[in-house]
Amino acid sequence: MKVLVTGGGSMLLGGVAAALAARGDEVVCLQRRPIHVPDGVRQVQGDVRQPDAVRSAAEGCDAILHGAARVGVLGTWDDFRSVNVDGTSNVLAAARAAGVSRVVHVSTPSVAHSGHSLVGAGADAAVTGRKGAFYAESKALAELLALAANSPELAVVAIRPHLVWGPGDTQLVGRIVERAAAGRLVMVGDGSALVDTTYIDNAVSAHVAALDAVRPGAVCAGSAYVVANGEPRTVRELVEGICRAAGVPFAPREVPAGLAVRVGGLVERLWPRFRDGEPPITRFVAEQLGTAHWFDPRPMRDDIGWRPHVTLDEGFELLRQSFARSAA
Amino acid sequence: MPSAADLAAFGLDPSWSRMVQVPGHDGATHRWHVLDRPAEGAEGVAAATVVCLHGNPTWSFLWSRLLHELHPAYRVIAPDQLSMGWSDRVGARRYVDRVADVHDLLAALGVAGPVWLVAQDWGGAIAMGHAVAHPQQVAGLVLSNTGIAVPEGRHAPWLIRLAASHGVHRLVTRSTPLFVRGTPFLPGRPLTRVQRRALAAPYRTAGRRDGVAGFVADVPFGDLHVTKSALDRVAAALPSLRVPVRLVWGSRDPVFNDDFADDLHGRFADVQLHRIADAGHLCVLETSIAPFVEAAIAGAASGPTPAARVADVGESLWSRIEAAADSSSLAVSDAAADEAVNGAEFAERVAGFAASLHARGVRRGDRVAVLVPPGIDLIAVVYACWRIGAVTVVADRGLGLGGLGRAVRSARVKFVVGPKRAVAAARTLRWAPKATAITVGSLRGNDAPRLRELAIDAPTADDPAAVVFTSGATGPAKGVRYTHGQLCAQRDALRALYGITDGDRFVAAFAPFAVFGPALGIATGLADMDVTAPATLTAAALDEACRRIDATMVFASPAALANVLATASGPLPSLAKVRLVMSAGAPVPIETLRRLADLCPLAELCTPYGMTEVLPVADTTLTRRAAVGAGRGVCVGEPVPGCDVLIASTDAGARLQELPVGDTGEVVVHTPWMSSGYDGLWHTQQLARPTHEGRTWHRTGDVGHLDTAGHLWIEGRVVHLIHTPMGPVTPVPLEVAAEAVAGVQRAAAVGIGPRGVQQVVIVIETTADRADGPAAPELAAAVRAAAAPQPVAAVWTTRQLPVDIRHNAKIDRSALGRMMERRLSGSSR
């Protein structure tokens, strides 16, 4: 199978490209900056905002795994819209032009996120109309667009991985470790909210499984699925586990959840005016860490035939080994 | 007609609502508003049509919960009575016309074939009228808080008399919305604001309330009232109805109270009553009655269940007492009161009490609440009642005062026997306001020969003997009915199981068990303890009770035994001599038994397994438990000879589907000594007593499995199953594993989240005194390792797990699960 992977620069999509190549698929990676690719993967530099670049990369492909996205809280609405919404639109158009019959759209649970706790939740429909939350809003529009493109000729499935982490992760793991090492670790509330996460290897295998499962007429075509380990833990235990794996002290200060959400909202508005880079806390992160977030694993199991193969504790051990290697 | 927006705001599906032109028996055509929910075809469920009739001052909205919740295979038709709701205003309408209206409406709707009528308040009287007039068109009745006549010895409900009285009637029912607005505030479970607003919606102006006033005016208070004779004619015809009638009753209704339920219960051939203790007049809206209606329809389809009965009592319950009437050897000893009676004295007291009770009007079949504190008198009153065929209602203080009150109230007793204070309390607390109070003191003074002169026929095997109560660990205590035959079979089973001979002497540290002593024909001793708190039994008190009768056997609850161990400091010579110790009611930790073995070196330590509804089911001893070793859950031993045990699937619905050996499922039993069933809870009874291969079985509500050696293992309660994405998980094996971890005293495994997606949380009491919160990382890791391969989302420590009062051992895992779900949602703070 020949597969186009967009956004191969990220930990997740890079991993998916490598996994596909390793099992013998012909893989083309499309991203803006050159990346290190495993043997056998063809690399194309280009921007999903340019329809021609996407169309030429998709030529001759059987399937597309669309993961290119703008993330974070920095940037204007146009920045987010052009990459996440228009980019998705370009990928879908390229798929149709190239006669591709299967598309996996990489989405996020935050497209249906409303700020309150999710307990054993399913993949509810994406919600639009948010004010201010550019990332979630643009990803919601993108997912609606992608699923609407599902047709008898083109099968589309949306996968929403929840809090992906693992060795080499600069987002979740990187930030926690950095802050804990600096003695600036903050716990939202008392850290007792149960949160599910996804170990990187599981996230990769879930996307591969979705790619294999999606085809015109398949049960999963036209639907969205949340991917997670299916092992929710309290935020405190998760953060503590990451700190232990990294060998940094775990001594958080507790910040009331309500306050954290308000501060997060304030910080994400003011931060860009004074500092560069992503702010230390955002409203979204505060909500994510202050309320329960765990999901119904059955749809992925029943419709896609996927189950996680690395447990949380195995993931922590793999993370510990990776930190130990890089320290050595 | 209500607007679609209004209906949607009331939570009704606007597509159910329509107006129907109905040519009436009165020659006029009236427009009716009807909520009509069509049936959806479903496999395995026979189609049925359910017609719901509301009363005053409501409308078809009354059935909104039933419309939503009833199985989709059934069509539901809920009309607004004429002059009510959104139907035509036709002025005051008499009962006879309203009965005929039902027939008119069903004809206009083209409903063919028998229908189930579900009705409340005036709707019930109308439904009964229709059933009597057209019996072939009625498949059955489900009636809720209604009536056909004022029960004997009672006045009409004072609220209705007030509303109907001259000068007040129009003011409260028509000129002001008092009657309409007040009804939802009658005692019961509270209604929501939306429900209250919806109920009042069609009655905004005085003109629209004509029907409300008319209904009240139609309540017959005098014999000359035209409706009185119509109601009397219907009432007279009810006994000839052959269809099943099921009563679902909110017991807090001040209008149609439990007396009306009893009155109706006495009027039908095939009738059963289910009381909902905390619901009121609008029970059908306060609670979910769909399961009741479904069960009524399903029960009628499957036919009656064979009654559990014992052919012959053999030896009567009191025959050993009479046989010992000349004996000077010890019969009953009470260490707390420092009192003891010999066989002759005890027989004399029982006979004297029996004669006195008879003289006070207690007759065969009458229910008697025995509120006598544990002691010789309690045992004597129970046997005196049994001797004359009265039914004892024994509720112990272990239910808590509120639970005791609810239990006595639900049993509808005719007499209350107890010390002065208790009978006064029963009246002032309205446990049994209309019962005749009899003080224990007043029973003395009659002599035994009087009883013989009375020549009272002894009760037979099928005669009811007692109502006893479940511990109420997971909801209100349920009354359980036993016949004489069943109690005799239970006595014989215990005698055989424990090799009890006339030479045995028995100390009971749990009052209901002490009652069995005289029936077994053995000397019985009561220990000095606070019966409301079994954990108050001290080692010294138990030893003293044993000393007084030179005991060979001891019965104590697990909580009592735990305290005996905690308080055992000096030598306990009398306890050391017993040959048998029994403990039941809750699981007994094997460690407790090991330590007990040091105190009673000669004794076999038995832990019979069973429940209020059936005891014993299985039995094991410390020795056998130790030999069996560890396994999935707690081993309760082999089934007792004469008691059949099978393991049934928990998701086969009403049908019993036996599972292969080794599989986990619900423990279901059949034995001659199982109780007749529940009292005033037909729905519970129907669920708990399935028929299988021609016999009636009892669903214990416990889950477990039988191993290849025939041992029964208990893994928890059906309601406490944790429904994970990988399938159901039983709590007890996880708890046993967690309790093996150093530092863990007691553990409870609960599920959080929606059924099918639940995550396991283990809550532990630790040996170190810790505040509520997440377990320390090392402890959490150890508990998780013990529970493996089952993933555990969180390990939480708590000071005290929620347990029942009676046994201080049964954990309310459902409540704990809800609490943990809130605690781990992050949104509570």
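User: Which helices are included in what covers the buried residues of α25(B)?
Analyst: In this predicted model, local features need pLDDT of at least 70 and side-chain atom pairs count only at pLDDT 80 or more, while totals for chains, interfaces and linings use all residues. Residues are numbered from 1 along each chain as its sequence is written, with chains lettered from A and ligands numbered from 1 in the order in which they are written. By contact (C-beta atoms, placed from the backbone, within 7 Å), the cover of the buried residues of α25(B) includes α24 (539–549) and α26 (590–599) of chain B.

User: How many of the ten residues of helix α25 of chain B are buried?
Analyst: A residue is buried if 20 or more other C-beta atoms, placed from the backbone, lie within 10 Å of its own, exposed if 12 or fewer, and partly exposed in between. In α25(B), the buried residues are B:Pro558, B:Ala559, B:Ala560, B:Leu561, B:Ala562, B:Asn563 and B:Val564. The helix, residues 558–567, is mostly covered, and its buried count is seven.

User: How many residues of strand β23 of chain B are buried?
Analyst: Strand β23(B) spans residues 614–619 and is mostly covered. A hairpin of two residues connects β22(B) to β23(B). Of the six residues in β23(B), the number buried is six.

User: What is the bridge partner of B:Ala618 in β24(B)?
Analyst: Strands pair if DSSP finds at least two bridges between them. β23(B) has two bridges to β22 (residues 609–611), running antiparallel, and B:Ala618 is there the partner of B:Tyr609. Two bridges also join β23(B) to β24 (residues 634–639) in antiparallel fashion. In β24(B), the partner of B:Ala618 is B:Pro639.

User: Is B:Val423 buried or exposed?
Analyst: B:Val423 sits in helix α18 of chain B, residues 420–428. Beyond its neighbours within four places in sequence, B:Val423 is in contact with B:Leu371, B:Val416, B:Gly418, B:Ala437 and B:Thr439. Since 23 other C-beta atoms lie within 10 Å, B:Val423 is buried.

User: How many Å separate the C-alpha atoms of B:Val423 and B:Arg170?
Analyst: Along the chain, B:Val423 and B:Arg170 are 253 residues apart.

User: How many Å apart are the C-alpha centres of domain 2 and domain 4 of chain B?
Analyst: Domain bounds come from an automatic or database domain assignment. For chain B the assignment gives domain 1 (4–302), domain 2 (305–499), domain 3 (624–716) and domain 4 (721–823). The centres of domain 2 and domain 4 of chain B lie apart by 41 Å.

User: What is the radius of gyration of chain B?
Analyst: Chain B holds 31 helices and 37 strands, and its C-alpha trace spans about 90 × 75 × 50 Å along the principal axes. The radius is taken over C-alpha atoms, and the globule rule is 2.2 Å times the number of residues to the power 0.38. For 829 residues a compact globule would have a radius near 28 Å, so chain B agrees with its value of 29 Å.

User: What is the radius of gyration of chain A?
Analyst: Chain A has eleven helices and 15 strands. The globule rule gives 20 Å for 328 residues, so chain A is as compact as a globular protein of that length, with a radius of 19 Å.

User: Which are the edge strands of the open sheet of seven strands in chain A?
Analyst: The strand order is β3-β2-β1-β4-β5-β7-β12, with parallel pairing. The edge strands each pair on one side only: β3 (41–45) and β12 (224–227) of chain A.

User: What angle does the direction of helix α3 of chain A make with that of β4(A)?
Analyst: Four bridges link the parallel strands β1 (residues 2–6) and β4 (residues 63–66) of chain A, where A:Thr6 stands opposite A:His66. Helix α3 (residues 77–98) packs on the sheet, touching β1, β4 and β5 (102–106) of chain A. Axes are lines fitted to C-alpha atoms, for helices over the stretch in contact, and angles between N-to-C directions run from 0 to 180 degrees. For α3 and β4(A), the angle is about 175°.

User: How many residues does the contact take from chain A?
Analyst: From chain B the contact takes 17 residues. From chain A the number is 24.

Definitions and conventions: Contact = placed C-beta atoms within 7 Å.
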